[in-house]
Amino acid sequence: MGAAPPAPPRWFRFQGFQDAAIILAFRVGTPARMLWLMANMSESPLDRLWKEYSAVFRDFDDLSLARWLAQTLGQIEGRAWRLSHPLLGAYRLAAQVAHDRQIWFKRLATAPPAYTEAPCCRAPLLPLFTRDVLETGLVCQHCGDTCVPFDETAPELQKQIRPWAEKYTPMHAVAHWNDAQRKRSGNYEGRLEEAASEVEQLLLTAGREIVPKFLEFYPAVVWEDQDECLEVRPEDVEL
Ligand SMILES: [Zn+2]
């Protein structure tokens, strides 16, 4: 029996393979997933939909785009945001168009002073917390790279995050079990449901107890509030 399919690319969406331009990062990914994506994925209907959504920002001139981003950064300051929040979805689309155009290098607008410069792409630092935090650290909402490696997060937070992520990983893995593993479990559907409800609780813990603590260090932070492989949706995670 074949192995389970690789984890679906939950992160970047590409315009095409020619320039590998990242235009629609609804999410942001690990290198392994990116490679899998590049090798396996042509543009899906969802890619095309997000491309359509982002057209509004591609029509902005550089100055308008820079001002929109700077103003929005001011409005999101002081809070932890769900990845699923529409305002953050819009911000992400604009940020990627801006990244493609190197807007932040042009110094057309000034971000609110609370935002420091991200080391990855020199955009204002707006980190995303995901279930892959041990591996990828906090992820930049502008370029999709790691903006804060896990080892560079505050030690007191690491102490809380490491056990959280170590509980999460095996639960998530249930969604990707191969046929032999599924058979061995006896009741795979039941196992899957258990894993989903565990993950729901873990996402709740992240949203309530972990992510808000990042506000001590960053003016705003985004957190992944769903697990598509286990079919845990943002609305299942009620804070
Ligand atoms: Zn970056």
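**Ground rules.** I am working from a predicted model, where local features need pLDDT of at least 70, side-chain atom pairs count only at pLDDT 80 or more, and totals for chains, interfaces and linings use all residues. Residues are numbered from 1 along each chain as its sequence is written.

**The core.** I looked up the largest nonpolar core, which has 50 residues. Such a core is a set of buried Ala, Val, Leu, Ile, Met, Phe, Trp, Tyr and Cys residues joined through C-beta atoms within 7 Å. Buried means 20 or more other C-beta atoms within 10 Å of a residue's own, exposed means 12 or fewer, and partly exposed lies in between, with C-beta atoms placed from the backbone. L65, A94, A98, F129, V199, V221 and W223 touch the most other members. Elements that each supply at least two residues include α3 (62–76), α4 (86–100), α8 (188–210) and β5 (221–223). Helices (H or I, at least four residues) and strands (E, at least two) are DSSP runs numbered from the N terminus. The largest share, seven residues, comes from α4.

**A98.** I set aside its neighbours within four places in sequence and found A98 in contact with L65, L69, I103, W104 and H142. Contact here means C-beta atoms, placed from the backbone, within 7 Å.

**α3 and α4.** Their axes come within 10 Å and cross at roughly 145°. Axes are lines fitted to C-alpha atoms, for helices over the stretch in contact, and angles run from 0 to 180 degrees between N-to-C directions. I noted that L65, W68, L69, T72 and I76 of α3 meet L87, Y91, A94, A95, V97 and A98 of α4.

**α8.** I counted 23 residues in α8, reaching 31 Å from first C-alpha to last, close to the 33 Å expected at 1.5 Å a residue. The expected span is 1.5 Å times one less than the number of residues. A195, V199, L202, L203, A206 and G207 of α8 are buried, and the buried residues of α8 pack against β2, α6 and β5.

**Positive phi.** R107 has phi near 50° and sits in the loop between α4 and β2. R107 counts as exposed because it has 8 C-beta neighbours inside 10 Å. E231, in the segment after β5, has phi of about 60°. With 13 other C-beta atoms within 10 Å, E231 is partly exposed.

Terms used. Contact = placed C-beta atoms within 7 Å.
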